[in-house]
Amino acid sequence: MWIAPNLITLIGLVINLITVLILSSFSYSATEPAPSWAYLQAALGLFFYQTLDAIDGKQARRTGSSSPLGELFDHGCDSMTQVFVTLNICYAMSLGTVSFGVLIVSVISVVMFYCAHWSTYCTGQLRFSKFDVTEAQMSVISVLLFTALFGNGVWETPIIFGYTLKYFVIGSSFLVSVYQIHGYIHVIFSGGVGKNGSTIAGTSVLFPLFPLLMVVVPFIMIYTKTDSTVFDDHITLFSLCFGAVGAKATNRLVIAHMSKSELRLWDWIYVGPLALMLNQYYNYVFDEYLLLWIATVYCYTSLFIYCTVVCRQFCEFLNIYIFVLGPRQSKSN
C-alpha cells in the first residue's frame, strides 16, 4: 500500500531500458547475432514493463491516488518505450542487414503511437482496437522468445518465392500497421467533437500532422542523404535520437489533449535533427558521428527537462507528490 503508482511505472521503464541496452551491446548495428540469454532477458524486461504498466492504474485506485498526473506519466513512459520495443524487433531479426529496415520499422512505430493520441485529441477519448498496444508488445515478446530458442538465424529461413521468414513477419506487421493507421485517420476526420468537427481545443484536426512531419521528415532526410555508413553503423544511437524527438512530440500532444489547448508547431528539440541536416548541407563541417552523439544527448536533455517541468507543475497544482504516497503538503505552506 505504500508504493506509488507512478513509481511502479518508472520501475517498469527502467527495467525495459536496461534489458534493451544489454541486448544492444551485442547487436549495436542490428546486424550481429546475440547470445540466447540476451534475447530472453529482453523478453522478460518487456514483459515486466507491460505488466507493471498494466497494474499502475489498479494500484492508483487501490490506494485512492488516481490523478491526471498518473495518466500523463503513463503515456509519457509509453512514448519513451516505443523506441525500445522497436529496437528489440530490429535486434532479434537483424534488420540492420535490410536496406532502410530499422528506419522503416521505427517510423511506423512512432507514427502509429502518435496517431493514436492524435485521434484522442480529436475525439476526447483514447480508443483501443482489438489488436493494440498490449497485443503488439506480446507479439514482440514472442519474437524475442522465438529467437532465444532457435537462434537469430531462424529468421533467414526461406518461406516462399525466395523471401525469408523475417520478410514475411515484417510484411504482415506492416499491413496490420497500415490498417491501424487507416482506422486512426478515419476517426480523426470523422470524430472531432469540437465546433464544426474540430479538436477538443477547437483547432483544426489536420494541424497535429505538422508536428509529426517535423519529427519524421528530418530523420528520413538525414538517413538517406548521408554519404557515409555512420548511421547504419550506429543505428541504435540514431534510433534513440529519433525516439526522443518522437516521444516529446507525442507528450506535447497528450498535454494539449489533457488541457484542451492549442498544439504549437515549434519545439526546441527539433534543433537536434536540424543540426544534423545543416551539417550535411554544408558538406560535413563536423564529424557526423560526434554530432549524432551531441544531438542525441541534447534531445534527451530537452525531453527530460520538459517532462520534469510538466510533472512539477502538475504536482504543485494538484498538491500531490509524483513518486510518494502519504500526507500531502498543505497549500498554505
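Start by selecting S94, in the loop between α3 (68-93) and α4 (101-123). Helices here are DSSP runs of H or I with at least four residues, strands are runs of E with at least two, and both are numbered from the N terminus. This is a predicted model, in which local features need pLDDT of at least 70 and side-chain atom pairs count only at pLDDT 80 or more, while totals for chains, interfaces and linings use all residues. Residues are numbered from 1 along each chain as its sequence is written, and side-chain values use heavy atoms, with hydrogens and water left out.

S94 has a positive phi of about 50 degrees although it is not a glycine. Most residues other than glycine have a negative phi. S94 is buried, with a relative accessible area of 4%. Buried means under 20% relative accessible area, exposed over 50%, and partly exposed in between (1.4 Å probe, protein chains only).

Next, go to F161, in the loop between β1 (158-160) and β2 (163-164). The phi of F161 is also positive, near 55 degrees, in a residue other than glycine. F161 counts as exposed, at 76% relative accessibility.

Now select V154, which is found in the loop between α5 and β1. At 16% relative accessibility, V154 is classed as buried. Leaving aside neighbours within four places in sequence, V154 is in contact (heavy atoms within 4.5 Å) with F146 and L165.

Colour the annotated segments next. An unreviewed UniProt entry places the feature "transmembrane region" at residues 7-28, 89-116, 136-155, 167-185, 205-224, 265-284 and 290-311. These positions are given in the numbering used here, feature names are shortened, and annotations may be inferred rather than shown by experiment. Over residues 89-116 the chain is 75% helix and 0% strand, with the end C-alpha atoms 21 Å apart. Residues 136-155 are 75% helix and 0% strand, and there the end C-alpha atoms are 19 Å apart.

For the surface, select L40, L44, F47, F48, M138 and L145, a nonpolar patch with about 490 Å² of accessible area together. Patches are made of residues with over 30% relative accessible area and no salt bridge; like charges are joined within 9 Å, and nonpolar side chains (Val, Leu, Ile, Met, Phe, Trp, Tyr) within 5 Å. A salt bridge is a side-chain nitrogen of Lys or Arg within 4 Å of a carboxyl oxygen of Asp or Glu. Accessible areas come from the Shrake-Rupley method with a 1.4 Å probe, and for residues only the protein chains shown count as cover. The elements giving two or more residues to the patch are α2 (36-63) and α5 (133-150). The largest share, 4 residues, comes from α2. F48 lies in helix α2 and is partly exposed, with a relative accessible area of 40%.

Move to R252, in helix α9 (residues 235-259). R252 is buried, at a relative accessible area of 7%. Not counting residues up to four places away in sequence, R252 touches L263, R264, L265, W266, D267, Y270 and Y306.

Finish with the cysteines. The structure holds 0 disulfides, a disulfide being a pair of cysteine sulfur atoms within 2.5 Å. For C115, the nearest cysteine sulfur is that of C122, 10 Å away. C115 is buried, with a relative accessible area of 3%. For C315, the nearest cysteine sulfur is that of C311, 6.5 Å away. C315 counts as buried, at 15% relative accessibility.
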